[in-house]
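Hello,

Here is the structure I promised to pass on to you. Have a look at it first, and then read my notes below.

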Amino acid sequence: MVDLTLLASLLALLFGFLFLYYFGFLRKNHNIRSNSPASAATTTTTTAVVGGGECGSRDDVIIVGAGVAGAALAHTLGKEGRRVRVIERDLTEPDRIVGELLQPGGYLKLVELGLEDCVEEIDAQRVFGYALFKDGKATRLSYPLEKFHSDVSGRSFHNGRFIQRMREKASSLPNVRVEQGTVTSLLEENGTIRGVQYKTKSGQELKAYAPLTIVCDGCFSNLRRSLCSPKVEVPSCFVGLVLENCQLPFANHGHVILADPSPILFYPISSTEIRCLVDVPGEKVPSISNGEMAKYLNTVIAPQVPPELHDAFISAIEKGNIRTMPNRSMPAAPHPTPGALLMGDAFNMRHPLTGGGMTVALSDIVVLRNLLKPLNDLGDASALCKYLECFYTLRKPVASTINTLAGALYKVFSASPDEARNEMRQACFDYLSLGGVCSNGPVSLLSGLNPRPLSLVCHFFAVAIFGVGRLLLPFPSPKRMWIGARLISSASGIIFPIIKAEGVRQMFFPATVPAYYRAPPTKDSDVQI
């Protein structure tokens, strides 16, 4: 009797288990079909779905792009416990001629994110300031690092090596998946971004879903148009060379030559290589293939290169490994969109003269990390979007300072047929050569160590007033007074349009913006993932 009871109990338990398994399987499939935002996709029915439904393996965040911003963000969010999927078009080591100089302010953000070891083992060089050259004269501008740890300085390196180190660091986290694929579109449903559609290396079309998609696909982004109002300008192009077997006049310093028609940059990228970037105004550059570029560099640029670098510069031209890169500028003009966010160069660009792009990107990541930290659930896209509107204001002190300085310095440092503009250029060189607060102030702004927009405006107009003073002393004349008035007018015409594009209120009075005080969504409004 006991044996029959035991047997009946076992059979009942077996049938019960089978019933629950079958019922749960049907319910799970039903939920996946009903919740998948397939209506938003514009692809064929053969597209596979990954990371969707309500299964436990769903991603929290999808990051498009694994450059400096994408890789750093993936590691940062992964370290916070988020389940992150990174989709990068090409996972081989990048070979670029920009993104090679990290300012001290950017290095401090790297430390804050726990990524400082990414500048190790790549032959990165420490940078302690700048050397400025004009008409055979030179002045050294050191970073004000006295109050910081001895390890704090700028870093210069091969961009690709740095990115690969950050990708490796992100991939080492168990909850971060990095895969190669080309994202072709964002998946939208009722105004909310639900994920992305992408093509794998093998050509397979896939869809991935997550509560938050962050687009970091760089300066050539093809996804940002639906998330912002891109107003991209190309004021100039960089022509890149690598110099070997030479020493910079000032070791461990970036070198800026105020040349004609525009600046030339030199800085170390390894223990044996020096990067040279020649700025060519406009969107078109002399042709490399027919020899026009080599002729331009030899006849126009080489005579303006410091003697210590001249022979190496000529040798680099003869080797023929000449690269070009358009310098893009784009103010941040986001369209807050539920389920999506823009970061990095896809979101905001400035002239690379001051090397501030990576500092802005890393600072933005710190701001975003702190905003997301109190949120356990990212499921309520509408509430999250409203909350993250404060991101655009909180990022402004660092971003607007570096953006404005980059745009203004490029225009001031470039030669001009306008006599007032050339007076401003000379005044800037002489002002920085004074030392003390006249050099420490601007350099602390450039380095990202003092992100204060008001301080930037004060120094900029101090340069203009200094230039007027030079004109009027010892004896003013009508002509000099007229040039001085035009100098002030020219200075205003340089900086005020940049400030307007950045947003006067957010830049100088962020506390008056309602989004500045936006609180995290309450649990009542959260939707469980």
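Predicted model: local features only at pLDDT ≥ 70, side-chain atom pairs only at ≥ 80, totals over all residues.

Residues are numbered from 1 along each chain as its sequence is written, and side-chain values use heavy atoms, with hydrogens and water left out.

Seven strands form an open sheet with mixed pairing, in the order β7-β6-β14-β15-β16-β13-β17. Strands here are DSSP runs of E with at least two residues, helices are runs of H or I with at least four, and both are numbered from the N terminus. Two strands pair if DSSP finds at least two bridges between them. At the edges stand β7 (137–142) and β17 (323–329); each has a single partner strand, so one side of each is left without a neighbour in the sheet. From one strand to the next, the twist averages 20° (axes are lines fitted to C-alpha atoms, and angles run from 0 to 180 degrees between N-to-C directions).

The partner of β7 is β6 (residues 129–134), and the two pair in the antiparallel sense over six bridges. In this pairing, F133 stands opposite A138 in β7.

Now for the inside. A nonpolar core is a set of buried Ala, Val, Leu, Ile, Met, Phe, Trp, Tyr and Cys residues joined through side-chain atoms within 4.5 Å, where buried means under 20% relative accessible area (1.4 Å probe, protein chains only). The largest one has 69 residues, and L73 and F162 are among those that touch the most other members. Helix α7 (residues 357–372) gives the most to this core, with nine residues. A second, separate core has 56 residues, including L141 and L277.

How many of the 16 residues of α7 are buried? The count is 14, so to speak a mostly covered helix.

Finally, take a look at N403, which is found in helix α10 (residues 396–413). Is N403 buried or exposed? N403 is buried, because its relative accessible area is 4%. Leaving aside neighbours within four places in sequence, N403 is in contact (heavy atoms within 4.5 Å) with N348, R350, V360, I498 and E502. With N348 there is also a polar contact between the side chains, at 2.8 Å; that term means a pair of N or O atoms within 3.5 Å, and within protein one must be able to donate a hydrogen and the other to accept it, while residues adjacent in sequence count only if both atoms are side-chain atoms.

Enjoy exploring!

Notes: Buried < 20%, exposed > 50% of the residue type's maximum accessible area, 1.4 Å probe, protein only.
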